[in-house]
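Please look through the sequence and the structure shown here, and then follow the description from the whole chain down to its details.

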Amino acid sequence: MTFLGAAQCVTGSMHLVEIGSQRLLLDCGLVRGHRDEVRYRNTSFPFDPVTLDAVIISHAHIDHCGNLPNLVRQGFRGPIYCTPATRDLAAIMLADAAEEGPKKDDDFLAYPSSLMNWVPIPYEHDFAISDNVQLRFVDAGHILGSAITVLTFRHAGRTYRVTFTGDLGRRGVPFLRPPSPVPAADLILCESTYGGRRHDTLEMMAAKLSKVVRGTLERGGKVLVPAFSLGRTQVVLHFLQRWMRDGILPRLPIYVDSPLAAHIAAVYQSYGDAFEHLPAAGLPPVHYFRSPEEAREVSMLPEPCVLVASGGMCEGGRIMAHLRLHLDDPRCSIVLVSYQAPHSLGAQLLQLRPTVRFHGRTWNKWAEVVSISGFSGHADHEDFLALLGPALGATGKIRLVHGEPPQAAALAADLQKMGFPDVAVPCREEHVMVA
Ligand SMILES: [Zn+2]
């Protein structure tokens, strides 16, 4: 196994597995970051794409599948294995990235996902991808379709197993089914985004949100919720609806300003059995705006409402138009539900300062700004220990990827304490041998 991306960072997930003469790629994520380096990393693969036998995609977030167009343009023609929901969501995400790409990252090259060789495999099915290698997906509980990949193969008369978690979901937030325990393996490749961290519990999330929504309603303002369109938006909407129905939140109109989220909602609806069973009766409706004009019209109405808009870190997306209208309105509030990168506008909003700068001018920051961590789609420290615990005793090596160094180190330390014999945080381009 060679770690080619998301090693000591959280972007551009990509790992190469070599089994005999077979070469499999786990994830093909787009790298985000500084322009020149990013363009080079996304367009120059450290292997010849033509020589790959197959690609396995853990889930449809762009940092896990967004570089497939480059791979196919450079000659990869083999099968792309993923769950059926991941295939459906990836088609939407890749089309959206292609549309936004020329504005956002000029390294993103479009390639129609309909021309890619997708092979959907449902959860808990063994599938022979070659004479010697079996593939099985297990529910990772992170977003719809997200999977833990389990590869089983024989070498020199022994059977070996490699498990790749992709992104793992959290327990105790009943919306998607909870993540499955990580299957034991000779090598487990595990994410570590929130190692050493603890998310708010569901009760804390409800209490925090209730306080800010009630306060905003009393002042006659609007609640703005910037959220990433795939994953976060669906979880936030689910709990807004449920808590309004149950009287935990006051009943307010719920609007969504994200054409991408509207497309994703249709896919989520078509996979009803992926969700915990909850009665839908009495849930307040959600209205998706059809155009920026409609969004602006509603945003300027005097009535209080909850408005969820694309742009988790307020670095772009539909949320920007609403921030321009309401950031200097002391009646309004902004609820941040995503990780805020250090220099993002979202991080600036959280600082105790009277003003922020964006779109070339200084804005008064008179709206209330609140951060609620629990809507994360990622496992926290306790979740990792619980999900990996059952693999203790039957697991050889664990390698932690998809985390900044302090988070990965915090998780590695506790896994070693639990008794896992060989835990490490690899650098990019480092190799590990399984057999
Ligand atoms: Zn993800």
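Which domains does the domain assignment of the protein chain give? The assignment, whose bounds come from an automatic or database domain assignment, gives domain 1 (2–197 + 377–424) and domain 2 (202–375). This is a predicted model, in which local features need pLDDT of at least 70 and side-chain atom pairs count only at pLDDT 80 or more, while totals for chains, interfaces and linings use all residues. Residues are numbered from 1 along each chain as its sequence is written.

The C-alpha centres of domain 1 and domain 2 lie 29 Å apart, and 18 residues of domain 1 are in contact with 17 residues of domain 2, where contact means that the C-beta atoms, placed from the backbone, lie within 7 Å.

Turning to the strands (E runs in DSSP of at least two residues, numbered from the N terminus, as are helices, which are H or I runs of at least four), 6 of them form an open sheet of mixed pairing in the order β1-β2-β3-β4-β5-β6, pairing being counted if DSSP finds at least two bridges between two strands. β1 (2–5) and β6 (118–120) stand at the edges with a single partner strand each, so one side of each is left without a neighbour in the sheet. Within the sheet, β4 (residues 54–56) and β5 (residues 80–82) run parallel and are joined by 2 bridges, and the bridge partner of I56 in β5 is Y81.

Among the helices, α8 and α9 are roughly parallel to each other, a term for angles under 35 degrees. Their contact is made by P292, A295, R296, S299 and M300 of α8 and by A321, H322 and L325 of α9.

Methods
Parallel < 35°, antiparallel > 145°, perpendicular 65-115°, else oblique. Contact = placed C-beta atoms within 7 Å.
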